[in-house]
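This report describes the interfaces and the charged pairs of the structure shown below.

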Amino acid sequence: MHSIPGRRLIMGLFLIFLLLPIYWLVNMSFKTNAEIVSTMTLWPHTPTLQHYKRIFTDESWYSGYINSLEYVVLNTIISISVALPAAYAFSRYRFLGDKHLFFWLLSNRMAPAAVYALPFFNLYSAIGLFDTPWAVALAHCIFNVPLAVWILEGFVSGVPREIDETAFLDGYSFPRFFIKILVPLIASGIGVAAFFCFMFSWVELLLARTLTSVSAKPIAAIMTRTVSASGMDWGLLAAAGVLTIIPGALVIWFVRNYIASGFALGRV
Amino acid sequence: MDKTVNQKAWFLVLPVFLVVAFSAVLPLMTVVNYSMQDTFGNNQFFWNGVGWFKELLDPSTDLGGRFLASLGRNLFFSLVILAIEVPLGIVVALSMPRQGWTVAACLVILALPLLIPWNVVGTIWQIFGRPDIGLLGYVLNAAGIDYNYVSNDIDAWVTVIVMDVWHWTSLVALLCYAGLKSIPEAYYQAAQIDGASRWAVFKAIQLPKMNRVLLIAVLLRFMDSFMIYTEPFVVTGGGPGNSTTFVSIELVKIALGQFDLGKAAALSLVYNLIILIVCWIFYTVMTNAGAERKVQAESEPAVEPKPSVVLKPVAALKPKEGVA
């Protein structure tokens, strides 16, 4: 009654459709370049780890991952720490302009990155943050802070108001209540919000590439540079791609039930 | 809706306000400023009033022509991917296994493309689609179909669309699945007793229950596909020619390629305005649905009875039905 006839077949085909391109990327990353260019093989006949070895030993490659991680972690910390009190305020109180503010936040989450690329470039050059992880971390706040506020607001609203009142009656000060009681109660919500901040900052390319040139260049930008160079190193590119999928693939099991809700800003 | 009025809450919101204002209002002001001026390099600016906006909306000029063409391409792209992803997402959601470890396995695989960096999505399809080294391109060409996304407009379009379907159908499916899961078992049992057909169950129970999530899915997909940049940029670079140049790609070309600040700024503002309107619809849908849900929960507190209570009588009914 719930599902449709032939559902196993449909699901199976769809999953194959999803996995095949990823398999091809992984397959490529273990092949030698000679094998990639000369023959069409469904699995690596002479498997090699040379591409991975190159990435882990060549500084111009592995520094890209470190740079990316640096601004992603910075951004996640900033986003969550400013969003927490705001989420509490939106969930518990009414104040002047609250609805407008909430909408304004959402509109920033949805703003096209291309619109901000040039002004960000000017802004961060002017204040001397260009080509540092801080520039990208702050720039990514434009979509991650609103996201964190929206997601956390949903979780805070799930905490009964009686808990606040009891805590205040027991003589808790506001900061102490916030850290000792509220934060542990919505720990899973903070985890989900942090995951999505991490993810959206990790997958973004345009702003990260525009705001860096040499010393803070993210892995995504390093990869596009390799693509445009003549005589492409396909195996290396594939290996770099596989490595960028890993952070997502590692935590996917723990967030599998929250994926839809996170993309819908905690509203599903 | 028993929130207390407390203006001090502004202190809690202040950090968010400052951070977002710094990275949104400040840059937007420079955009507004640029959009009214022309520059000939050397940081010399000249007042141009609404000149750029006039040019932007006039298809006979270079700027207007490029903007309107990319806008048209982008709208067409959004419509096509919505027309594919929404029905496909519903079908996939309906095909989800009901219980056991397969549910978790399917969820994990479905979520996988959503968590891949956008440029790597481009790379994956670039490698997968190339006629010389890619499985897809190789197989298609071996089957006698002349496929090459680098040189053929239609092939480039097909590649970009299939790539987007691959990347985002899972989101529609996961949202629909969340909607389907919230349907109480009793609804299906009632339908079974009424002898409803499979199609009637879908139309009368599942579709209305998925209404809200579907609306969210459509709006999210519309906005994201309307802003698409990275994936087509990596795969086709906007080509061949200009055939897959969407609004964001055109904007970045003008802004960071030619450093035509005035034109880029005017384009940015119009672009942003379109997004803002769609965003407002999205917000209204979200908040209305939230209020509706609360009212419903308050008026019928027992709307979701414990499944075991309902299950027993129905289970007892079944054999009788068989006998009758």
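Are R221(B) and E85(B) buried or exposed? Both R221(B) and E85(B) are buried, where buried means under 20% relative accessible area, exposed over 50%, and partly exposed in between (1.4 Å probe, protein chains only).

The model is predicted, so that local features need pLDDT of at least 70 and side-chain atom pairs count only at pLDDT 80 or more, while totals for chains, interfaces and linings use all residues. Residues are numbered from 1 along each chain as its sequence is written, chains are lettered from A and ligands numbered from 1 in the order in which they are written, and side-chain values use heavy atoms, with hydrogens and water left out.

**Salt bridges**

Over all chains, the structure holds eight salt bridges, a salt bridge being a side-chain nitrogen of Lys or Arg within 4 Å of a carboxyl oxygen of Asp or Glu. Three of them are listed here.

| Pair | Closest N to O distance |
|---|---|
| R221(B) and E85(B) | 2.9 Å |

The salt bridge of R221(B) with E85(B) links distant parts of chain B: R221(B) lies in helix α9 (residues 198-226) and E85(B) in helix α3 (residues 62-94), 136 residues apart. Helices (H or I, at least four residues) and strands (E, at least two) are DSSP runs, numbered from the N terminus.

In chain A, R54(A) has a relative accessible area of 37% and is therefore partly exposed. D58(A), at 23% relative accessibility, also counts as partly exposed. Through shared partners, the salt bridges join R54(A), D58(A) and D233(A) into one network.

**Interface of chain B and chain A**

Chain B and chain A bury about 9500 Å² between them, of which 78% is on carbon and sulfur atoms. Buried area is the accessible area (1.4 Å probe) that two parts lose on being put together, summed over both. Across this interface the rule finds zero salt bridges, but 12 residue pairs in polar contact (both at pLDDT 80 or more). A polar contact is a pair of N or O atoms within 3.5 Å; within protein, one must be able to donate a hydrogen and the other to accept it, and residues adjacent in sequence count only if both atoms are side-chain atoms.

On the side of chain B that touches chain A, helix α1 (residues 9-35) of chain B gives the most, with 20 residues. That side divides into 81 nonpolar, 18 polar and eight charged residues. Here Ala, Val, Leu, Ile, Met, Phe, Trp, Tyr, Cys and Pro count as nonpolar, Asp, Glu, Lys and Arg as charged, and the others, Gly among them, as polar.

**Domains of chain A**

The domain assignment of chain A gives domain 1 (1-48) and domain 2 (53-263), with bounds that come from an automatic or database domain assignment. Their contact (heavy atoms within 4.5 Å) takes six residues from domain 1 and eight residues from domain 2. The two domains of chain A bury about 560 Å² between them, 77% of it on carbon and sulfur atoms. In domain 1 of chain A, L25(A), S29(A) and N33(A) lose the most area to domain 2, together 66% of what that side buries.
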